[in-house]
Amino acid sequence: MPYPPPSRTPSGPRRRTLLASAAGAALLAGCSAGADSGDDGPSAGARARARAARDSRGLLARYDAVLAAHPALTDRLRPLRAQVAAHAAAFEDGTKPSPAVSKSSASAAPVPAAEKDAVAQLAAAERALADRRAKELLQVPGELARLLASVAAAGAAHAYLLTEVAK
């Protein structure tokens, strides 16, 4: 036996329409204003850019420490060090310069006496930084994400090359 038709057609919007409208309004509100949209301080992108510049300067200090301890590695490490310096400059481009890396942070990890161990330590630092940047690029805006991706890829290549040097 078929069900009888409803006695009247409901007036007004349906429940699905209201839920979809509410969800759309929430998305639009989330896109137009966020916690970082005020003038309270630097945006998430600016903070990520400053952190990336600081990390690159720290890595540069590690290269300098290894080169000072093992001058025989200069020919092999100079091109990689130059690229790390270019990465730091790229992150600092158009931003307010922050304080330089202190000597205590550069000497936090002592340079091993053996060249292979020193290069392996550099490779580990490059790999760790590349991994951190690859994760962070998902949380920053477009152009900075592309820069982080590029520098993370270069860092992964540096880690590979340093691993080959350490063999």
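The model is predicted, so to speak of local features a pLDDT of at least 70 is needed, side-chain atom pairs count only at pLDDT 80 or more, and totals for chains, interfaces and linings use all residues. Residues are numbered from 1 along each chain as its sequence is written, and side-chain values use heavy atoms, with hydrogens and water left out.

## The overall picture

The protein has six helices and zero strands, and its pattern along the sequence reads α-α-α-α-α-α. Here helices (H or I, at least four residues) and strands (E, at least two) are DSSP runs, numbered from the N terminus. Of the 167 residues, 27% are buried; buried means under 20% relative accessible area, exposed means over 50%, and partly exposed lies in between (1.4 Å probe, protein chains only). The accessible surface comes to about 11,100 Å², and carbon and sulfur atoms account for 60% of that. Such areas come from the Shrake-Rupley method with a 1.4 Å probe, and for residues only the protein chains shown count as cover.

Contacts also tell us about the fold. Among those between residues at least 6 apart in sequence, 76% join residues at least 24 apart, where contact means heavy atoms within 4.5 Å.

Axes are lines fitted to C-alpha atoms, for helices over the stretch in contact, and angles run from 0 to 180 degrees between N-to-C directions.

| Helix pair | Angle | Axis separation |
|---|---|---|
| α2 (residues 44-69) and α3 (residues 74-92) | about 160° | 8 Å |
| α2 and α5 (residues 115-136) | roughly 175° | within 10 Å |
| α5 and α6 (residues 142-166) | roughly 160° | within 8 Å |

What do these angles tell us? Angles under 35 degrees count as roughly parallel, over 145 as roughly antiparallel, 65 to 115 as roughly perpendicular and the rest as oblique. Therefore α2 and α3 are roughly antiparallel, α2 and α5 are too, and the angle between α5 and α6 makes them roughly antiparallel as well.

The crossing of α2 and α3 is left-handed, and α5 passes α6 in a left-handed crossing. A crossing is left-handed if the near helix is turned anticlockwise from the far one by less than a right angle, and right-handed if clockwise.

Now for the residues that meet. In the α2 and α3 pair, the α2 side includes Leu59, Leu60 and Val66, while the α3 side includes Leu77, Leu80 and Phe91. This contact has 14 nonpolar, three polar and five charged residues. Ala, Val, Leu, Ile, Met, Phe, Trp, Tyr, Cys and Pro count as nonpolar, Asp, Glu, Lys and Arg as charged, and the others, Gly among them, as polar.

Between α5 and α6, Val119 and Leu122 are among the α5 residues, and Leu148 and Val151 are among those of α6. The contact of α5 with α6 divides into 14 nonpolar, three polar and five charged residues.

## Two residues to look at

Is Val66 buried or exposed? Val66, found in helix α2, is buried, with a relative accessible area of 2%. Leaving aside neighbours within four places in sequence, Val66 is in contact with Leu73, Leu77, Val111, Ala118 and Leu122. Val66 and Ala118 are 52 residues apart along the chain, yet their C-alpha atoms are separated by 6.5 Å.

Pro79, in helix α3, is partly exposed, with a relative accessible area of 47%. Pro79 and His158 are 79 residues apart in sequence and 10.0 Å apart in space, C-alpha to C-alpha.
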